[in-house]
Amino acid sequence: MVDVSCTINGSRQTLTLLGHESTVDVLRDDLGLTGTKLVCGSGVCGACTITVDGTPTASCILPASSLNGTEVTTIEGLATNGSLHPVQRAFVVEDGLQCGYCTPGFVVEAAAFVDHWRAEHGNTDPGSHIVADALAGHLCRCAAYPGIDAAVRSACRGEHDDISSPARGPRVEAVEKVTGSARYTTDIRLDGQLEGVIIRSENAHALIRRVDLAPGVAAGASAAVELLGTDRTVRYVGQPIAAVAGVDRAAARSAAKAVIVEAESREAVIGGDPRARVLSRPIVHDGRAARRRAPISAENPLVPARWIGNRRGPSTIRWRGMRAVRRIASARKKGDTRLVELHVATSVQVHTPLEPHACVALWPATDRLQVWVSTQAVHHIAKLIAKHFGLPRENVEVIAHHVGGGFGAKLTLTAEVIAAVELSRQAQRPVRVVYDRAEELSVGGLRPATDTHIALLADAAGSLRAMEVTTHADGGVSIGSTVAGLAPMVYGRSPRIVRDYDVLAHTPPGTPFRGPGGPPLAWALEQAVDEMAITLGEDPIALRRRWDGNRRRHALYDWADALPAWRARHDMVSAGRFRRGVGVAAANWLYFVDPGSEVTVAVREGQIVASTAAQDMGTGSRSVIAGAVAEVFGIDPHDVLVEIGSSKGPHGPASGGSRTTVSVGPTATEAAMKLRQTIGDGPVTPARLAGHEGATAKAQRGKDKRMRLTPFTIRDLQVGRGFSGAVHVSEVEIDTHTGKIRVTRVWGGLAVGKIAVPALARSQCAASIIQGVGFALYEQRHLDPASGAVLTANLEDYRIPQLGDSPEITIHFHEEGWDHVPGGGVGLGEVATLGVAASIGNAIRHATGWRPLELPVRPDRVLEGLR
Amino acid sequence: MTIITTFPENLDDASRSSDATSEFRLGGTDLQARLRRGTSSGRIVDLTRVPGLVGVRDLGPDGVEIGAATTIAAVASHPLVQTRYPALALTARGLATPQVRAVGSIGGNLLQKTRCWYLRGGHACFKSGGDTCPARTGNHLYGVAIDQGPCVAPHPSSIGAALLVYDTIIRTHTRSDRPVAELWGDGSDPTRDHLLGPDEIVTLVLLPRVPDGERGGYFRSISRFEAEWPLVEAVVRLHILDGRIKHAGVAVGGVANTPLRLPEVEQELLGELATDGLFESASRAADHRCRPLPQTGYKAALLGATISEALRRAAG
């Protein structure tokens, strides 16, 4: 034992420690300072940054014993006398955040940097490079980097020193997030709460002969449950087997070690060429029952398909398919130069939201259940929990006030929820289960790897004559990938056939990831179109304009074509060590809506309150609702109280499929207008509101003016009429000596109609571009080919973009063409990322003459490609 | 497992508290991460209360000594290091993140465990008591290109490469001074991160006096902006007089089981006019050492490019 005396946020503390503790755990668990977040646990991401004697320090790797005699400031102590630090104000005003989970760390470090900078250089702008260098120890998975850069630089210029008015920016909950008071699921701590851990398979494939929980209980577990499926077979390393709860994480972990798992190891299929995997053995899902239980990586229900061995498919879409096949075969035979064929591949990309999967379950003695979940779908998860545990839906409340990112990984009922609820039921105490970073990076969710063969044939006039696309997707044990199936939505009406196969392996399952299937499809299709433009000697934008009949995208082509960087691309340097190039890619996406969405707007305690069972994972749903309601009443959005993040509210949409804004925005407007009728026109004064205390109005999203593609709703989702569109133009610089690629500038044009909250929409679109840069250049999950274990189970080896990797970004909105949709606009979170990697690929081709086929385009691949 | 941490207040007690299963801790930047992952031994001997291990001291004609517990950030920003040993200052400035540099010590950097994703993922290997290297037969994309022995993980110490070019001496509290290269030997023992005994504690590093006006260069090849383990890194010191190279020191990291000094490259540089052309040709003199693994062939190409860029930066 060792006694440590220090000052934390101005108050003296004496801590009695064992000596090995890390500071972040002492702050969060012992002192309740949960503004400091634990993310990577290895000093890479900076979410846990505090200052020790004024120096920013990653508290996850700082021994707490080192605090002796020091003065510590956490995010909670940054404001002085109730006034925010100028950097906190800057992050609010410039919107340097999305989900907010990395924000406390960024803010603490940036405050120290800005104070130091201004003391040395006065109120001058350090420029982006110096800011990125100072913040190199921080990662933001949402990639709110442009706002962070703007916030730090404007704070350096002294633009946020005025404390006479409250800090307000485009995001209504920003102050909570920059002060560390926003509570996430990982921050919940109830009386008597236990900590649960999941015992996972060490085998890629095994039959679990026996699970003996008793030794775990003897070793101190307060509760222990099995999590195996009925076939008692595990099919990937990390598959849940059991879970135990203890008084703290250490107790739970030692109890977990005592649990006996007898696994009969079986041969496993891991990696290898997916096209060859049909013949691999053993079969991952053998028999109809096993196939029915296969996890699904798609959001949409599956169309039945054939299985042969470890291959499922093809799921085929064709229009004069045989003619397409014949034309392409004949062109290949004749050596037709207007046939473009590419064989491309993409790697497994991992969501890794900075708030990991987390759940706190409280199962009281009655049949009522309260569950805090880090989820993108409070309403949907409540339904799933009720069904899974046989409870009436109204007895289940799912709560998620703030969600630290999701990107598609938090849409379903996953192991942490089942484990926490089961353990809580057994222990009759609250139980928290939080994935550690290794779990999050291994089994927390992924975008399947893909292997795509694409053939495009043009006729003498340069029109598209035939298209054939075949994708083999590797989503581990999961099925349902659609990549090639998205190809027919984009260009022309020529004969075409597209086929999607799933190839199975004993590796973790895929889950929906921002535009599922879209980025891999664009990587194939948009590079093939680019190659066709080269083949035909035509401008790539001009070719797309001929092939693409979409009016809204034509407006974007006009915009892209007029960009000075596009116009000047023929003058770029294409010799010497550093090569520069520009590439373009287009994309479109479906318009999804949850027509059952409801919003209630009421006057309560003199304030206007809007409620719905939606959630905000950083996409800005709260601000969209506040903005819609505020506009009707002519008040500031910050004066609307938005109640989301609880399944007790009226039916709300999931935050997935770019559906949230288009589902709740117009609905909030309609409900507000109904309430407006009740309380009358004119200024909304406190007296007027007091006179209507308790007045309530409710609206449901309902139908669009014209019919939808799907006349019925599946899983609260309808596909509406029209495609959202995007065009991306990227500029790259390539160091041909070291293979390093820098994406220097990106222009993103979006045709999604009217924009609800422009500042937040821009932030989403810029972040989508930066995530696209990660997909293009850095992100790759690596497996051990022998054991099937994930090797990139930390944020050093799994590489996500840093602030310094952000290109200079320009966003353009084409706001016309969506008059049939209430509110005049549709979702943008997915379409904004689909074509980014492809535009970078085309820029690399333009710069070097070499076309990258495999993602990510790592330095070694560049060196190999240019050799 | 109960983790026992002791806080000795002098070197002798520290030494006595240590055995083959314990680990010394200074900044703790790596040990705390491994504790969380459950891949540390569980006995910690914390050296932060041992006096006299911190600081940069000018020894005049005998050079400069740096206490083992001096932080990387303090080394990077020390005026004496910046003016006399610029390659060390640049290396210290270029590694890890600002937060790690603020806490991590120079001694800890020299003696740190390899970053191999198998070792850190809890796989059995030579360094965790096993008798195999799963990376050699498995995924070794970031492994060595100069194959010195059974373990294929590159040594992670950037500071080590910098100290090599300055002919640095290390001092431990029990044995006589020795060249820093002897910390690692030839890299053929796959079970060791360094060759110190379990009770041996590095107290300081001693950099001999260098001629005034020397230049330094550091470059790491990575895929992103910063804060990434090097694919290949190079440290260079140059003494250029009237355009000609009077003295050169070149060392590399990221390619072998130890940081490596490259006298053959230095030899190519000596007495020559400092030009980009010379840098490119001289930097290829180490190519003969490369025996890449199936997935690390690119590092052979990157080695010359990285050295050459470090040379350019030193001369520029």
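User: In which hand, left or right, does helix 14 of chain A pass helix 23 of chain A?

Analyst: In this predicted model, helix 14 of chain A passes helix 23 of chain A in a right-handed crossing. The helices, residues 518-536 and residues 836-848 of chain A, pack at an angle of about 35 degrees with their axes 8 Å apart.

User: Which residues of helix 14 and helix 23 of chain A meet?

Analyst: From helix 14 of chain A, the residues that meet helix 23 include Ala522(A), Trp523(A), Glu526(A) and Asp530(A), and among their counterparts in helix 23 of chain A are Ala837(A), Gly841(A) and Arg845(A). By class, this contact has five nonpolar, three polar and four charged residues.

User: What makes Asp539(A) and Arg569(A) a salt bridge?

Analyst: The closest N and O atoms of Asp539(A) and Arg569(A) are 2.6 Å apart, and the cut-off for a side-chain nitrogen of Lys or Arg and a carboxyl oxygen of Asp or Glu is 4 Å, so the pair is called a salt bridge. Asp539(A) lies in the loop between helix 14 and helix 15 of chain A, and Arg569(A) in the loop between helix 17 and strand 24 of chain A, so the pair ties together parts that are 30 residues apart in sequence. Over all chains, the structure holds 81 salt bridges.

User: Why is the pair Glu228(B) and Arg799(A) called a salt bridge?

Analyst: Here the closest N and O atoms are 3.3 Å apart, and because the criterion is within 4 Å, the pair of Glu228(B) and Arg799(A) qualifies. Between chain B and chain A the count is six salt bridges, alongside 22 residue pairs in polar contact, both residues being at pLDDT 80 or more.

User: How much area do chain B and chain A bury between them, and how many residues does the contact take from each?

Analyst: The two chains bury about 4,600 Å² between them, 52% of it on carbon and sulfur atoms, and the contact takes 48 residues from chain B and 60 residues from chain A.

Terms used. Residues numbered from 1 in each chain as written. Chains lettered and ligands numbered in written order. Predicted model: local features only at pLDDT ≥ 70, side-chain atom pairs only at ≥ 80, totals over all residues. Heavy atoms only, no water. Contact = heavy atoms within 4.5 Å. Buried area = accessible area lost by both parts, 1.4 Å probe. Polar contact = N/O pair within 3.5 Å; in protein donor to acceptor, adjacent residues only side chain to side chain. Axes fitted to C-alpha atoms, helices over the stretch in contact; angles between N-to-C directions. Helix = DSSP H or I, 4+ residues; strand = E, 2+ residues; numbered from the N terminus. Left-handed = near helix turned anticlockwise from the far one by under 90°. Nonpolar A, V, L, I, M, F, W, Y, C, P; charged D, E, K, R; others polar.
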